[in-house]
Amino acid sequence: MENLSLKEFAAALSGKEPVPGGGGASACTGSYGCALGMMACALTHGKKKYACYEQDIKRIEGELAVCRDTLLSCINEDAQGFLPLSKAYVLPKDTPEQKAKKDEVLEKALYQASLTPMKILKNSAYAMTLLDELSGKCSKLILSDVVTGAILLAASANGGFINVGANTGMMKNTEIAQKLNEEAKMLLSQTMKLHDSISQKLKKEVCLCKS
């Protein structure tokens, strides 16, 4: 799916099929947030004023590229993770044996389906730490693009968080579900705090936001 054009992907999201859905859209959005950070790195390279940060900028750019590509791969992964879950929902449960089997298969499918949204959340959260560092080292002329990237990563992280919860909320193994939920809450909280920090830097630097 990551090879679809923007128009084709939007059309696929608009249709009756359950995939791509919120997870895939979140992953796609996060990849754009990373890409904007990479653009800010590219436009800072070679600037004398920021020469002392050159090695940091190169490192940030490389790590953002990894996050971007990982998030893009999550578009397909999320769709593939939904397939076993969709099959588990329609398993028969007319007899106690069938019901027990369905519960077992569904529990496993719910856990597996939660892994890609968690991956989306983790990569968006890490990319946000990179943008936070970048916001203090890149050219101020493109700080608004870094903040826009942070907004997209925040949306991606929230989407990942919601989709983790959509699966854990149906799991019967409350211990595993709680562990996943706690990790997701921690990651989202850290991500949103950094998002706010980056936004504050823009307000201090850009006159338009001071008015």
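Author: Let us begin with aspartate 103, which counts as partly exposed at 26% relative accessibility. This is a predicted model, in which local features need pLDDT of at least 70 and side-chain atom pairs count only at pLDDT 80 or more, while totals for chains, interfaces and linings use all residues. Residues are numbered from 1 along each chain as its sequence is written, and side-chain values use heavy atoms, with hydrogens and water left out.

Reader: Why is aspartate 103 called partly exposed?

Author: Buried means under 20% relative accessible area, exposed means over 50%, and partly exposed lies in between (1.4 Å probe, protein chains only). Aspartate 103 has 26%, so the term partly exposed applies.

Reader: What makes lysine 172 exposed?

Author: Its relative accessible area is 58%. Exposed requires over 50%, so lysine 172 qualifies.

Reader: How do you know that aspartate 103 forms a salt bridge with lysine 172?

Author: A salt bridge is a side-chain nitrogen of Lys or Arg within 4 Å of a carboxyl oxygen of Asp or Glu. The closest N and O atoms of aspartate 103 and lysine 172 are 3.3 Å apart, so the pair meets the definition. Aspartate 103 lies in helix α4 (residues 96-134) and lysine 172 in the loop between α5 (143-168) and α6, so the pair ties together parts that are 69 residues apart in sequence. Helices (H or I, at least four residues) are DSSP runs, numbered from the N terminus.

Reader: How many salt bridges does this rule give?

Author: The count comes to 10. Among them is the one between lysine 122 and glutamate 183, whose closest N and O atoms are 3.2 Å apart. This pair links distant parts of the chain, with lysine 122 in helix α4 and glutamate 183 in helix α6, 61 residues apart.

Reader: Why is histidine 195 called buried?

Author: Its relative accessible area is 15%, which is under 20%, so histidine 195 is buried. Histidine 195 is found in helix α6 (residues 174-205). Leaving aside residues up to four places away in sequence, histidine 195 touches Met128, Ala150, Ile151 and Ala154, where contact means heavy atoms within 4.5 Å.

Reader: How do you know that the span of α3 agrees with expectation?

Author: The expected span of a helix is 1.5 Å times one less than its number of residues. For the 36 residues of α3 this gives 52 Å, and the end C-alpha atoms are 52 Å apart, so the two values agree.

How values were computed
Helix = DSSP H or I, 4+ residues; strand = E, 2+ residues; numbered from the N terminus.
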